[in-house]
Amino acid sequence: MRKIVMEEKKVRNIIDGTVIDHIKPNCAMKVLSVLRDIDHECIIVCINTDSKKHGRKDLIKIENKFLEEQEYNELALISPDATINIIKNGKRVSKEKVKTPKHIKGIGKCNNPRCVTNCQNMETEFDVISIKPTVLRCSYCESTAEYKG
Amino acid sequence: MELKHFISINDLKKEDIDFFLKKAGSMLELLESKKSVNICRGKILATLFFEASTRTRLSFECAMHRLGGSVIGFADAGSSSVSKGESIADTIRTVESYSDIIVMRNPFEGAAKVAANNCSVPIINAGDGGHEHPTQTLLDLFTINKKKKSLSNLTIGLCGDLKFGRTVHSLAKALSEFKGNTMICIAPHELQFPEGIRKKIEDTGTKIIQTDNLKKAIARLDVLYVTRIQKERFVSEKEYLRLKGIYVVDRKMLEKANKDLIVMHPLPRVDEINPEVDRDSRCVYFQQAFYGVPMRMALLSVMLKCEK
């Protein structure tokens, strides 16, 4: 039988932008869906690639994009182990693990159909009561649910 | 004691609850002495009831009149601009300029918090859907304390709709502040306490026992708190009809109970307490409804800072 040797091709580096590493496997597309103003940027996405730490991971490189607070919070809910690398002039200037916020505003929808946030034109608010799994408690009706992204 | 808004029973610490129990006791003495109290003269209470109510609305209005104040408001959403699509926030911003304190009942869970976020005068939650009904809790605690002379070391049976019943959610949270209580949750599986609330109560060290058998549980109880299976909270009528009438407190059921048991109900009842037991001295639900007046007098006077 012929042995297939697979060599990982290196994707190109970005000059200025963000590398989101250690994303939970198969969650890159979910992360992309919460990032704004990226339609015209160069985006490199790796799904289910090898990870020394976690076995498998996803990775996203985005040119000219730096995360806003809301995007950062949503990323932390989707993938609490993700790391954010800021690249400037081709060099990494910072690397940090995302921190899951204790309280979030304007992200997600309360799954209680009787909740006031589903009946009035208003922002949702949640307390994050557990990180793995990510469980949110609605600040209005107090119902709890796992965050599915 | 300062209380800006009263949205949830969690707004009160144990010592605040003790304070209100004492204050309501003084108000009860005043009511019984038939003396006129005019400590809220010149103050206006707005009662905004987007959902039907008999006891809560009338006892708040009665309390305000007894304190010498005046009342404005509406008794159903149809007679307000909400029927034209006005938001809760806009309604509240308007009414706050007409009144000194607002009591609101709304079918949506968390509505009272929305009102408080948009209001400079005190807001009292008179029920927000299946979520909370904290003033009912205070009068329930007042009733238990009056009848049992304590709020600790009691075995309390909560029976009926524990899933949607806001009164039991608030009451259970408050009773968990007092030491040594055991709560026996008597409900079919589908109507047991929501997971989040059960966990919060258990975290305080209060023992919770879940059962669907009232007949077996009743002999152990100091307090039986019965609630109505709430038709208006069910999405499916079929499900409501299946569960309705599952528990009935009647003469035969009370034969199995302790002589010093008290039977409470936030009312209205449908068929969960047979009127044949109304004259049994253990059934205290009408007295409980009356205690709403002194307790709400206590709340209004404190929140309006009209205490003497």
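A residue counts as buried under 20% relative accessible area, as exposed over 50%, and as partly exposed in between. R56(A) has a relative accessible area of 41%, so this arginine lands in the partly exposed class. Keep in mind that we're looking at a predicted model here.

What does R56(A) pair with? Its side chain meets that of D50(A) in a salt bridge, at 3.6 Å from N to O. D50(A) has a relative accessible area of 52%, so it counts as exposed.

## Strands of chain A

Now for the strands around that pair. β3(A) pairs with strand β2 (residues 43–51) of chain A over 7 bridges, in the antiparallel sense. In that pairing, V45(A) sits opposite I60(A), and the link from β2(A) to β3(A) is a hairpin of 3 residues.

β3(A) has another partner too: strand β1 (residues 17–23) of chain A runs antiparallel to it, joined by 5 bridges. Here V19(A) has K61(A) of β3(A) as its bridge partner.

## A covered helix

Helix α2 of chain A, residues 69–78, is mostly covered, with 8 of its 10 residues buried. Among the buried ones are E71(A), Y72(A), N73(A) and E74(A), and the list also includes L75(A), A76(A), L77(A) and I78(A).

How much area is buried between chain A and chain B? About 1,200 Å², with carbon and sulfur atoms giving 51% of that. R114(A), Y140(A) and E142(A) do a lot of the work on chain A's side: they supply 47% of the area chain A buries against chain B, more than any other three residues. In terms of contacts, 12 residues of chain A touch 16 residues of chain B.

On the polar side, 9 residue pairs are in polar contact between the two chains, counting pairs with both residues at pLDDT 80 or more. The face of chain A that touches chain B is made up of 6 nonpolar, 3 polar and 3 charged residues. There are also 3 salt bridges across the interface. One salt bridge links E142(A) to K173(B), with the closest N and O atoms 3.4 Å apart.

## Salt bridges in chain B

Over all chains, the structure holds 19 salt bridges. Side chains of opposite charge can pair when their charged atoms come close. In chain B, D90(B) and R93(B) do this at 3.1 Å, N to O. Both residues lie in helix α3 (residues 88–95) of chain B, 3 residues apart, or about one turn of the helix. An α-helix has 3.6 residues a turn, so residues three or four places apart point the same way. D90(B) is partly exposed at 36% relative accessible area, and R93(B) is partly exposed at 43%.

R269(B) and D278(B) form a salt bridge as well, the closest N and O atoms being 2.7 Å apart. R269(B) is partly exposed at 21%, and so is D278(B), at 25%. Elsewhere, salt bridges with shared partners tie E142(A), E132(B), K173(B) and K200(B) into one network.

Last stop: D18(B), which belongs to helix α1 (residues 14–33) of chain B. D18(B) is partly exposed, with a relative accessible area of 33%.

Methods: Residues numbered from 1 in each chain as written. Chains lettered and ligands numbered in written order. Predicted model: local features only at pLDDT ≥ 70, side-chain atom pairs only at ≥ 80, totals over all residues. Heavy atoms only, no water. Pairing = 2+ DSSP bridges. Helix = DSSP H or I, 4+ residues; strand = E, 2+ residues; numbered from the N terminus. Contact = heavy atoms within 4.5 Å. Buried area = accessible area lost by both parts, 1.4 Å probe. Salt bridge = Lys/Arg side-chain N within 4 Å of Asp/Glu carboxyl O. Polar contact = N/O pair within 3.5 Å; in protein donor to acceptor, adjacent residues only side chain to side chain. Nonpolar A, V, L, I, M, F, W, Y, C, P; charged D, E, K, R; others polar. Buried < 20%, exposed > 50% of the residue type's maximum accessible area, 1.4 Å probe, protein only.
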